[in-house]
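Please open the model in a viewer and keep the sequence panel at hand. The stops below are given in the order in which they may be selected.

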Amino acid sequence: MKPGEGVARRLRKLLLLVPLAVAALAITFADAPRPAAALDGEETAVLDLINQHRAANGLGTLSINGTLNNAARWMSDDMANNNYFSHTDSQGRDPFVRLADFGYTYNTWKGENLAAGIDSAQEAFDLWKGSPGHNANMLNPNFTVIGIARSYGASSTFGWYWSTDFGGQDDYVPPPPPPAPTAAPAPPAVPVPPAATAPETPPPTPEPTIAPTAQPTDTPVPTKAPRWQDIATLARPWWDQLTVVSRDGSVLRSVSYLAERYMEGNRARLGQAGGSADQLILPEQLWPTTFS
């Protein structure tokens, strides 16, 4: 029998079981998790018993968290080495200050169960399950991680000391930085269609100038000079009716004068009235004449 086990059996009914839990609303991030010491067989058995108990009550299982496990290991050793049993450690810290000092700084649900005087996993689990406060910690749906440790102090009052620390968030491992973005290839140049140009306007074709059509003009018909025979024929009907009086009494001169007057008068009449050559001028239009 190990030293202290007899004392533990005698004080079992007086064993101090201290449950403690706290809730917070926000979540923050801590440093990368620290490696935890490996669990021994009894510590592993406690984890199995608690997870079976949670599963039977429809809850998710807890996983070992390295930061919480280091804090639980230190607490069990401190109680065994300094021979005390309390949530306030030898440095005067409560569980929440102690957990933060170990790096568990998340603002989340936290709790702690302690036991002393027993060395087996089943005995520790049964004690916690039989205490409403301790059992509430094991069945708290907000807890997702746990740290478990036991320690033996040969000269301590209770010999064996158990610590279980609960948390609502596992340690955050920062993801590796994303790879440097690769420059996106430049989009292909969009061909620019040539600017539309208005078709050249041909110079206006001048309208053809219609040459005025010459209006035909009447071509004057030359008048033939009358022959003396014609004159005599035309003048004969009148000749017989008149007596020609000449200035010098010459019949020939009178006839010549008569013909001259006739031609001048006939030409003027034809030019003014558009008459024909067949029109006659009466003798009384040519000169003053005395008719018998």
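Select N65 and T67 at the start of α3: a side-chain oxygen of N65 comes within 3.0 Å of the backbone nitrogen of T67. This is a predicted model, in which local features need pLDDT of at least 70 and side-chain atom pairs count only at pLDDT 80 or more, while totals for chains, interfaces and linings use all residues. Residues are numbered from 1 along each chain as its sequence is written, and side-chain values use heavy atoms, with hydrogens and water left out.

Next, select the whole of helix α3, residues 66-82. Its end C-alpha atoms are 24 Å apart, in agreement with the 24 Å that 17 residues should span at 1.5 Å a residue (the expected span is 1.5 Å times one less than the number of residues). Of these 17 residues, 13 are buried (under 20% relative accessible area, with a 1.4 Å probe and protein chains only). After α3 comes N83, with a positive phi near 55 degrees.

Move to helices α2 (residues 41-56) and α5 (residues 121-129), whose axes lie 8 Å apart at an angle of about 40 degrees. The contact (heavy atoms within 4.5 Å) involves E42, A45, V46, L49, I50 and H53 of α2, together with A121, Q122, F125, W128 and K129 of α5.

Finally, select N140, in the loop between α6 (132-138) and β4 (145-152). Is N140 buried or exposed? At 9% relative accessibility, N140 counts as buried. Leaving aside residues up to four places away in sequence, N140 touches R54 and W109. The C-alpha atoms of N140 and G111 are separated by 9.4 Å, although the two residues are 29 residues apart along the chain.

Note on methods
Helices (H or I, at least four residues) and strands (E, at least two) are DSSP runs, numbered from the N terminus. Buried means under 20% relative accessible area, exposed over 50%, partly exposed in between (1.4 Å probe, protein chains only). A polar contact is a pair of N or O atoms within 3.5 Å; within protein, one must be able to donate a hydrogen and the other to accept it, and residues adjacent in sequence count only if both atoms are side-chain atoms. Axes are lines fitted to C-alpha atoms, for helices over the stretch in contact, and angles run from 0 to 180 degrees between N-to-C directions.
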